[in-house]
Amino acid sequence: MTEATPRLDLPYLAPGQAQKEATHNEVLAIVDALIHPAPQAVRNDPPAVPAIGAAWIVGRAPTGAWTGRADAIAWWSEGGWRFGRAIEGMTAWLADAGETARFTSGAWAIAQLPARALLIGGQNVVGPRQPAIDAPAGGATVDSQARATLASILVALKTHGLIAS
């Protein structure tokens, strides 16, 4: 039998284990930090005086006590720094920024919401990107104001990524 769960590395109670409350309390501390995590921010260096229970996402170039823990969720406990590994699809609320962070493809994506469509009131208002649209040209009668308006609309659609450039 393994000693911990495969995803969140929660320690199992061992048969005949003395002081089971220590292992059980350890699991509760990990669960408290990793189920719906709410780290303060992403940073590489541990704060000097963290509050008990405060958490952060460890950045890509960690220093000090966080060295070797890139992308983990670090939280301060009565026993010092604790770490939970990020797993594919894990989502956290970054308290300082008021944004979500999602662990995907081996990295944290900050303030990005992947979707295939945006529905409002059950109506699809934004779907997949459409191909590029040529700027207005030609015609028997040239209306410069209409062309300028169409050009502005095309720039806005391209800027928002709704059509290809």
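## Report on the predicted protein chain

Gly53 is located in the loop that joins strand E1 (42–43) to strand E2; helices (H or I, at least four residues) and strands (E, at least two) are DSSP runs, numbered from the N terminus. With a relative accessibility of 54%, Gly53 counts as exposed. Here buried means under 20% relative accessible area, exposed over 50%, and partly exposed in between (1.4 Å probe, protein chains only). The C-alpha atom of Gly53 is separated by 15 Å from that of Ala92, the two residues being 39 residues apart along the chain.

The model is a predicted one, in which local features need pLDDT of at least 70 and side-chain atom pairs count only at pLDDT 80 or more, while totals for chains, interfaces and linings use all residues. Residues are numbered from 1 along each chain as its sequence is written, and side-chain values use heavy atoms, with hydrogens and water left out.

**Overall architecture**

The protein chain contains two helices and nine strands, arranged along the sequence in the pattern α-β-β-β-β-β-β-β-β-β-α. Its radius of gyration is 25 Å, well over the 15 Å that the globule rule gives for 165 residues, so the chain is more spread out than a compact globule. The radius is taken over C-alpha atoms, and the globule rule is 2.2 Å times the number of residues to the power 0.38. The C-alpha trace spans about 90 × 35 × 25 Å along its principal axes.

Of the 165 residues in the protein chain, 24% are buried. Among contacts (heavy atoms within 4.5 Å) with a separation of 6 or more, 30% are between residues 24 or more positions apart. The accessible surface of the chain comes to about 11,000 Å², and carbon and sulfur atoms account for 57% of it; accessible areas come from the Shrake-Rupley method with a 1.4 Å probe, and for residues only the protein chains shown count as cover.

Side chains of opposite charge can pair when their charged atoms come close. A salt bridge is defined as a side-chain nitrogen of Lys or Arg within 4 Å of a carboxyl oxygen of Asp or Glu, and by this rule the count comes to two.

| Salt bridge | N to O distance |
|---|---|
| Asp45 and Arg43 | 3.3 Å |
| Asp71 and Arg60 | 2.3 Å |

Asp71 and Arg60 both lie in the loop between E2 and E3, 11 residues apart. Asp71 counts as buried at 10% relative accessibility, whereas Arg60 counts as exposed at 58%. The side chains of Asp71 and Arg60 also make a polar contact at 2.3 Å, a term for a pair of N or O atoms within 3.5 Å; within protein, one must be able to donate a hydrogen and the other to accept it, and residues adjacent in sequence count only if both atoms are side-chain atoms. Beyond neighbours within four places in sequence, the contacts of Asp71 are Val58, Gly59, Arg60, Ala86, Phe103, Gly106 and Trp108.

In the other pair, Asp45 is partly exposed with a relative accessible area of 37%, and Arg43 is partly exposed with 27%.

**Nonpolar surface patch**

Leu118, Ile120 and Val125 make a nonpolar surface patch of about 270 Å². Patches are made of residues with over 30% relative accessible area and no salt bridge; like charges are joined within 9 Å, and nonpolar side chains (Val, Leu, Ile, Met, Phe, Trp, Tyr) within 5 Å. Ile120 belongs to strand E8 (residues 118–120) and is exposed, with a relative accessible area of 55%.
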